[in-house]
Each structure stands twice: as structure tokens, then as C-alpha cells.
Amino acid sequence: MRDALKLVLTLGLVTAISGGVLGLFYNYTMPIVEARQMTDMIEKGFKGVLPEAHTFRSVENGQGEKPEGVTEIYEGLDQGGQRIGIAFETAAQGFEGPIVMAVGVDPGTETVVGIKIMSHTETPGMGARIEEESFTNQFQHKSLADPFMVGSDIDGITAATISSKAVAGTVGEKSRQVLNYLGYDVETPVIQEPVEPEPVEEPAETEEPLTIDMVLEELLPQAQEFTQLGEGQAGMPGDVTVIYEAFDDQGQRTGLAFETIAQGYGGDITMAVGIDVASETLAGIKILSHSETQGLGSRIEEPDFLEQFRGKSLSDPFAIGEDVDGITAATISSEAVAGTVGTKARQVLDYVSH
Amino acid sequence: MAVAKSKGEGIYQLTLISSPPPHIHAAISVDRIVHMTIASLLPGVIWLLYLFGWQALRVMVLAVGAAILTEMAVMKLRGKENTVYDGTAVVTGLILAFTLPPTAPSWIVVLGAVIAIALGKQVFGGTGCNPFNPAIVGRVFLGVAFPTQLNVWIGPHSSETIASPLELWVAGEALPDYGEILAGTAGSFMGEFAFVALLLGGLILILRGYVDWRVPVGLFGAVAVFMACLGQDPLWHLLTGGVVLGAFYLAGDPVTNPITPWGRLVFGIGVGLCFGIIRYYGQDPDALFFAILLMNGLVPLLNRFLRSRRRGAAA
Amino acid sequence: MQKYLDDIVRGLFRENPTFRMLIGMCPPLAVTTSAVSGLIMGLATTAVLICSSTLISVLKSLIPKQVRIPVFIVIIATFVTMIDLILAALVPDVHKVLGLFVPLIVVNCLILGRAEAFASRMPVSRSITDALGMGLGFTWALTFIGCIRELLGAGTLFGATIMGESFVNWQIMQLPPGAFFTMGLIVFTLNLIGNHRARNVQKAARKQIQVVGKEG
């Protein structure tokens, strides 16, 4: 009995001392840790995602519940003390664990200003690539009305779908929630899930869409002046939206340029076509926009394919495998381009000469 | 039996368990298996040289050369008699070459062969003692270490990059038809371009009894049934993904097979199922290699559970 | 003095916990993706090892035999938590990299092993030198594995780019299999050297016997 008591007392004493020491230690180190984490968050995170802010101030109060998963909300102030943006810290559930990130939003334009991945435990070389700027830069100045979905408005990372989806979805959702919490009224866009098991189509480039006006000189470099024949005029060949006439310095009509649409594998392929009137040949074609599969159908944009059409006579058959070399694994896309160019060029020439 | 139950179980089990006769490999010497295997690969080698020219030759020569040199070096290091003349290193190097694209950078090919022989075979005790197929070990190492370098596909007779059948399938594009695959115009790693030649070689190996028919049959069957159940075209998945190379030359490697006939059938089915799962759900171009590596790891277990109980019992 | 020096050298090489005794294998495999994390992990473990070994050696006559293991663990856990808090406060970047593995030092059998096998039987001074030797042996082992994995897996060493532009990162070395490969090959090489030495010693001894035999 005395032995047992001794054992119990020894263990109790040891654990009590241990607990006491740790308690003291904790009290001493925690403020340092917290202060450091906060400066870290502001210095390395918030300043990166709201570069124009001069100072940051913590925001404590909002409407209703603070959004779940959002740990810190700060407002970014300019030198005059005006609020120019909101920065907050949140975490997405990645493939291996939480992905902590800083997000900056502009409540005025309802856009994401930028995001930065603060910490994560994703697999190196795969999920860890969410840190790369090529991925995070996609969120810069992105409207909150966008769906924030990988495969539709965000390009995911190959072999890291889960990590990139998590980041994209969380940024969009939490940004809207934080702004709503702070009293701004942001609507959640209606998100259409891609229909399974159809493969996810690559979205069209999110850059400024090209229009025919920008490429006119590229198509018909000799021409001095262009005049538009009119948009949506009666009698214009179907699927041809705009026709331009090109004149040389003597006022002589030398060429035609028009914009048309081919039916590709992933959707519409918009292209601009230039015609040399005298020789009835193509002066060149240019793909303006498309939504073909990246790496396959999208290769219709490559010069190797497009150059084949330069100087091509309109009386040629424009058939893949005969007078046009198609793209391996993208037969549908290349056939669509070649066929449409031939047909529409003949129709446009006909239409303009009558 | 007492030995098998002792602590030394595991990778040594193959040499310690005494199973009821007949012993399939007993009558055949290592030399003859090796010579026959190399001979059966020749149609494939010639076909690939025709398709890819010097690039394929480069990969094969480097893989075989590096395998031979590594074998010699490690044998010297281990102070063992030089067994390089038994030719198993040549087979490993050649099969490794079949699992690589013709564009594989030279140093990657050499590294793969070194890993295959040193880490896939010699660390376990050399010829006949390796639990994993050495070529697979080398290929999986390369696949995990250098995915971008190994997933570039070049079409035959040209220097143009093509999409592999798997990529087309994942992207939902028009798939190459059976004719294109049989003619060797669609594929990813070299073995996938040589379907007919490898099938021919494999059948020779089976007829000569060097590969147990149960492994390829189980593998083909499992892939076909699995894909059919998922509404996929089973034949198409049998023709692509290097299944034929895997069935005869990688999974069929007698050294890494279970010792009982039943075990070999289950082994083949297991490889087929793992392959189907990894390929269908993971869409991984290396599915075949991972599947075989996994099942190689399960062989001691299969040996334990699918052992014929006693002489004369139904096996 | 010789004894103390022996304690240290023993831990560094002959009885290196990672490469010779193969104990406490979790950190060498899990946190050695870079040289720096290996080094810090090693130093953190060394600190815990020295503190706990010292304290246990001091208290060894006061701890009843029946409850010695729980007491050891409480002592070790206390020091680990303290080190964890210190790292979090002073070097948060490193703390972030090591993450969960710092608290796991508690269950590193190297520490409990030295407490039970050495510190609880030996004088305080020897316990300290033993802990120092073992800890530094553990540290260099982790740093060495980290160097190899970082060099091949990322082309850098302690964060500085070493490999040229054309170097292709061996991604597998940054993943768990890379740790096993590296670890296995190092142990293999060390054993090879060890066996070679032993054989030479044997040969020399045999020669001596022969010489003696002839003379006799």
C-alpha cells in the first residue's frame, strides 16, 4: 500500500511539475508567436494581395456570423485612411491538408485583387505547384461574378486537380462571404456543374478576345485602307459576320477580309480570312477564338497548320488529307477550319462581286 | 515447411518453400529461358527499329549496355562470380527499353537501367531472387522521378509529337481504331507500338512453357471484364496501354510469379484489375507498371494462401 | 577524459543511431526533403536528448523502478513541447517546415532508448556526453540524407542552387520513396566499407598468425 502510494505520488508530482513548467512557457511564448504570425500575415500575405494599401487594420465586426474558415479579416487603407480593399486569411481543404492563403478583394469593383498561398502540405511537384505564379496570377482582378471553377474559368494544374479546385473554389466562395459579412452585397453566380462523364472542355482563352479589326493588316499587309461592308446585312453568306474591303493607294480594291465561324469539336471556332481578289487566292487566315481541347484541337492555332492556306487557290477542294494536312488527333477541328475557309471564301467573293 | 514458418520468411520464401511437384522450372535452365526470351523479343525490336529508326536503337543499346555494366559492377562489388553471361541483364535492359518512349533522354535511359539492375535485382540477391520485376522497378522509378520527360510521344516515321491513345481517351477525342493500333501508328511507350510482334513473341514463350498461360489469360480476362463492366470497349483497352507487353514479359516473368498454378491465375487477374482501376480512375500512363509492381509485392501472400496443401491434393 | 571522448565518437560513427543502429527511423525518412530541415530536426532532437538524459540521470535514484518509463516519457514530452514552443516563437519558418514532426520527437525511440539504456544507469556527466554524441550522430545523418535528397530532388544545397540550368529535378527524391532509396543506399555503402575493413583486419590477423607460426 505504501509502495503504491509512493508510485502514485511520484507520477503525480512529475506530471504536475511538467504541467506547471509548460504552462509558464506557453504564456511566455504564445504572445511572441501570435504577434509574429500576424506581422507575417500582413507582411508576406496581405501586402502581396493588396499592394496598393498603405496600412492594414483589423476588422472585427460585421453582419451576422463571421464566415466559417475565415480566420482574419483586415481592411487595407490608403495614406488618407480610406478603405481601398479587404484582405483576409482563409484555408482550403487540399489533397493532403489545409492550404492557408491570403486573399485581397476590392469591394468597389467586386473583384479579387490577388491571392497568395501562405502554407500547405501538398505533394511536391504536383499539388505544391498551386504556389506557382502561373496559377495564382489567374486570380488577379478576377470578378466575383465568375464561377471560380477549374476547367471553366480557371486553368487547373495538371495532376493536381484536387488542390487547384480547392483553392479556386475557396477563393471565390470566401471572398463573396467576407464581402457580404462586411455589408457589401455580392451575388453568388449560378454555377453550372460540368456534365459527367463528358470530358471537361477547355475554356476559351480568358484574354481579351481578338476581333477581325486587330488582324486586318496582318491578313492583307499590302492594303492601305479598309472599309467595312456592313454588319449583318441582308444577303450576306451565312455565318459570315463582318466583311472588309481592302484598297491599295490608288483606291483599287485588292483584297477582302471577313470573319466567320466554323463548328469545331469543342464549340465555335471564330476566324478571320483574307482573300486576294485579283488571283482569287487566300492571303491568309487567323484563328480569333476557339474552345478546342488544349494540346489537341487547339493546335489549329499553330503556324504550321495555318500557313498552308496562304496563297491557296479558291478552286482547291480544301479537304484534309488531299490538299490540306490535318493535325494528328484533331481531325474534327482541322476539317472544320479547312472546309469552312474554302466554302465561305468562295461565297464571300461571290457576294461582293455581285 | 518448418523453414518457411521461421523468421526468414518474406523475400527468401521462394527458395525455401517446398511445394508439391511438378516443378515447372526444374527442367529448364536459366540460359534457355533467357535465349528464348531474347529471341522472342526480336520481332518487336526489328519492328520498332523500322518505326523509329536510330532513336529506338539508341534507347535499346543504352538500356542493355547500362544493364550489363551495372550487373558486372555490382557483382564485382559483392565479390560474387560474374553472372553477366547468363544474359538476364540483357533481357532486363531490353524490356526496360520497351517501356520507354523513343524520345527518352539518354541519361534517363541509363539511369533507369542502373536502378533496374542495382535496386531491382542485385540488392535482393541477384538472378532469381528478386521479388519485383527489375525492369518495372527501373521504369516506375523513372516514371515517378521524370514524368514530364517520359510523357512525350513521338509518332512513328516522323519527329512530330502525337497524343497517346490514353490522352485521346481522357480528352474524349476520336480514338485510333484497331487497325491503327495493330499497324503500330498509335501508342505511347515503345512496347505499345509493337502489339503484333509482342503478341507473337509472347505466344512462343507460352508454347515453350517459359511463361505460364494463366498469367496472361488472367490479366487479359480481368482487363476485359473490368472495362466491359464500366461500359468501355474491352478490346480497345486490351490493345492499348501496353497490356500485351505487361502480360507476357513483365507480369509473366516466372521469377516474380507465385509458385502454384492457382496463384499465378490469381496473380494475373490481380494485375488486370489493378491496371483497370489505375487506368480508368487514375488515367495514369504508367498504370500497367504500378499494377504489376503492386501484385509482385503480394506474391508471398499468394504463395501462403494458395499453396497446395499436400501431395496429390487438387491444386 | 578518454571515456567522454569515446561516448561522443561512438554516437557519431560506430553506433550511429540512424545508419548503424537504425533506431528512430521516422524523422530520417519523413523530414529530410532538404538539408536545412534535416539539420534543424537533428538539432531539435539533440536538444531534447541532452535535456532529458541529463534530468533523468540526475533523478535516477529518486524514480521508482516500476514507474520509470511513464516518468521518462513525461520528462521527454515536457522538453519536446518546450522546444516546439521555442521553435514556433523564434524560427517560425523552420517550425512550419517541420510541422507535426517536432511533437513526434516524443515517440522517437532514440531518446527513450538512451534514457533507459544509458542515462538511468550512468553518472550525469557521461549521460550528457552520450546524449551529445548520439544527438550529433543523429543530426549529421539527417543532414546528410537531406543533402542528397535536396541535391537530386531540387538541384540545391541548403537552398543554394548547385546544379546547372540543364539539371532535371528527380521528383522521386522529394517524395517518400526517395527517402527509402537514399537511406538504403547509405546503409549499404557504410556496411560495404565496414565489411571491407573487417576483412582487412582479419587478413592482417591471419598473416600475423602465419608469421608467428613460421617463427615458432
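This report describes the chain contacts, the secondary structure and the salt bridges of a predicted model.

## Basis of the values

The model is predicted: local features need pLDDT of at least 70, side-chain atom pairs count only at pLDDT 80 or more, and totals for chains, interfaces and linings use all residues. Residues are numbered from 1 along each chain as its sequence is written, chains are lettered from A and ligands numbered from 1 in the order in which they are written, and side-chain values use heavy atoms, with hydrogens and water left out.

## Interface of chain A and chain C

Chain A contributes 23 residues and chain C contributes 20 residues to their contact, where contact means heavy atoms within 4.5 Å. The two chains bury about 1,800 Å² between them, 79% of it on carbon and sulfur atoms; buried area is the accessible area (1.4 Å probe) that two parts lose on being put together, summed over both. Of the area that chain A buries against chain C, 26% is supplied by A:L7, A:L22 and A:F25, more than by any other three residues.

Between chain A and chain C the count is 0 salt bridges, a salt bridge being a side-chain nitrogen of Lys or Arg within 4 Å of a carboxyl oxygen of Asp or Glu. The interface has 2 residue pairs in polar contact, both at pLDDT 80 or more. A polar contact is a pair of N or O atoms within 3.5 Å; within protein, one must be able to donate a hydrogen and the other to accept it, and residues adjacent in sequence count only if both atoms are side-chain atoms. On the side of chain A that touches chain C, helix 1 (2–49) and strand 5 (111–119) of chain A are the elements that give two or more residues. Helices (H or I, at least four residues) and strands (E, at least two) are DSSP runs, numbered from the N terminus. Helix 1 of chain A provides the largest share of that side, 18 residues. By class, the side comprises 12 nonpolar, 7 polar and 4 charged residues; Ala, Val, Leu, Ile, Met, Phe, Trp, Tyr, Cys and Pro count as nonpolar, Asp, Glu, Lys and Arg as charged, and the others, Gly among them, as polar.

## Interface of chain B and chain C

Here 10 residues of chain B are in contact with 10 residues of chain C. Chain B and chain C bury about 960 Å² between them, 85% of it on carbon and sulfur atoms. B:L119, B:F141 and B:V144 supply 41% of the area that chain B buries against chain C, more than any other three residues.

The count between chain B and chain C is 0 salt bridges, and 1 residue pair is in polar contact across the interface (both at pLDDT 80 or more). Helix 6 (106–118), helix 7 (134–145) and helix 8 (147–150) of chain B each supply at least two residues of the side that touches chain C. Helix 7 of chain B gives the most, with 3 residues. This side of chain B has 9 nonpolar, 1 polar and no charged residues.

## The sheet of chain A

In chain A, 6 strands form an open sheet in the order 1-2-3-4-5-6, with antiparallel pairing; two strands pair if DSSP finds at least two bridges between them. Strand 1 (55–58) and strand 6 (142–143) of chain A are the edge strands, each pairing on one side only. Strand 4 (residues 98–106) of chain A is joined to strand 5 of chain A by 7 bridges. A:G104 stands opposite A:G114 in strand 5 of chain A.

## Chain C and C:R114

Chain C has 9 helices and 2 strands, and its C-alpha trace spans about 70 × 60 × 30 Å along its principal axes. Buried residues make up 42% of its 216 residues; buried means under 20% relative accessible area, exposed over 50%, partly exposed in between (1.4 Å probe, protein chains only).

C:R114 is found in helix 6 (residues 109–119) of chain C and counts as buried because its relative accessibility is 10%. Leaving aside neighbours within four places in sequence, C:R114 is in contact with residues including C:R10, C:L49 and C:D130. C:R114 and C:L49 are 65 residues apart in sequence and 8.2 Å apart in space, C-alpha to C-alpha.

## Salt bridges

Over all chains the count comes to 22 salt bridges. B:D212 and B:R264 meet in one of 2.4 Å, N to O. Salt bridges that share partners also join C:D7, C:R10, C:E15, C:R114, C:R126 and C:D130 into one network.
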